Amino acid sequence: MQIGFIGTGVMGNAISQNLIKAGHSLTVYNRTKAKTDNLVALGAKWAASPKEVAARSDLVFTMVGMPSDVESVYFSDDGVFAGLATGKIAVDLTTSKPKLAAKLYEAGKKLGIEVLDAPVSGGDVGAKNATLTIMVGGAESTFTKVEPIFNQIGQAVNYFGPAGSGQHTKMANQIMIAGTMTGLTEMLLYAKKAGLDPKKVLETVSKGSAANWSLSNYGPRILAGDFKPGFFSRHFLKDLRIALEEAEAMNLDLPATKEAKRLYQVMVDDCKLGDQGTQGLINIYQ
């Protein structure tokens, strides 16, 4: 299949590599062209704009940073909708706003283009190992067409309903992660202050009822002083802001998520650590 991929950052690059390994012909675009060099070396073709990627593709994936980036990539004069032919498919993997996902779906429908929102979870490890969790919203008939491709980049692929449903599911996911990341951070700080061996505590806790993905994947990185982003903290703060915005619209109060958002706001806005991974939260305590 002729596939386009727009946004080859940490996760997008790894997903693109897996698509190439699966045998697809890939056309790529990223604002920083150098971030596509390794993909071109593997056989991908470079395009100068999202429009050019779309014009060469049957299926286009987008994975960019912010909702404003999604709007630009799809609606600008050199965007996806300007280049993608009638009957083709666009899938936004970005974690973005449910309302924007619905807007993309409706705009695509008018152009005869099928659009899915399909945010992912699993971080850089999941992207590299093709073990992502993929949460999909849009027309179920479109999901059925793309499902075989999803299965080449993820291991848990689920359809949730109409446009925006994938994004709502990702917000639920991020709410859960907010709790595990604050818990992991404060657990390690407590263990250290109590004079315990943090590594031994981590190994012990990970075998009991407190076990979770964040602990297993980010705990060792924290102990190693590794704060490189598997997922940028500035993007996580964006996600928590969206989640709380949606919760407020539903008259739902989420005090624990509000506190997590405040802590990541300190990390990103006050401490200027937005380019660290989410595990860098521990640095605001120190």
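Reply: Of the 286 residues of the protein, 50% count as buried. The model is a predicted one. The exposed surface comes to about 12,800 Å². Carbon and sulfur atoms supply 54% of that area.

Now the overall form. The C-alpha trace spans about 65 × 45 × 35 Å along its principal axes. A compact globule with 286 residues would have a radius of gyration near 19 Å. The protein has 19 Å, so the value agrees with that expectation.

Next, the fold. The protein has 13 helices and nine strands. Consider contacts between residues at least 6 apart in sequence: 64% of them join residues at least 24 apart.

Now the close look. Two packed helices are described by the angle between their axes and the distance between the axes. The pair here is helix α10, residues 198-205, and helix α11, residues 213-223. Their axes come within 11 Å. They cross at roughly 175°. Angles over 145 degrees count as roughly antiparallel, so α10 is roughly antiparallel to α11.

Which residues make the contact between α10 and α11? From α10 come P198, K199, L202 and V205. From α11 come L215, G219, P220 and L223. By class, this contact of α10 with α11 has six nonpolar residues, one polar residue and one charged residue.

Terms used:
Residues are numbered from 1 along each chain as its sequence is written. This is a predicted model: local features need pLDDT of at least 70, side-chain atom pairs count only at pLDDT 80 or more; totals for chains, interfaces and linings use all residues. Side-chain values use heavy atoms; hydrogens and water are left out. Axes are lines fitted to C-alpha atoms, for helices over the stretch in contact, and angles run from 0 to 180 degrees between N-to-C directions. Helices (H or I, at least four residues) and strands (E, at least two) are DSSP runs, numbered from the N terminus. Angles under 35 degrees count as roughly parallel, over 145 as roughly antiparallel, 65 to 115 as roughly perpendicular and the rest as oblique. Contact means heavy atoms within 4.5 Å. Ala, Val, Leu, Ile, Met, Phe, Trp, Tyr, Cys and Pro count as nonpolar, Asp, Glu, Lys and Arg as charged, and the others, Gly among them, as polar. The radius of gyration is taken over C-alpha atoms; the globule rule is 2.2 Å times the number of residues to the power 0.38. Buried means under 20% relative accessible area, exposed over 50%, partly exposed in between (1.4 Å probe, protein chains only). Accessible areas come from the Shrake-Rupley method with a 1.4 Å probe; for residues, only the protein chains shown count as cover.
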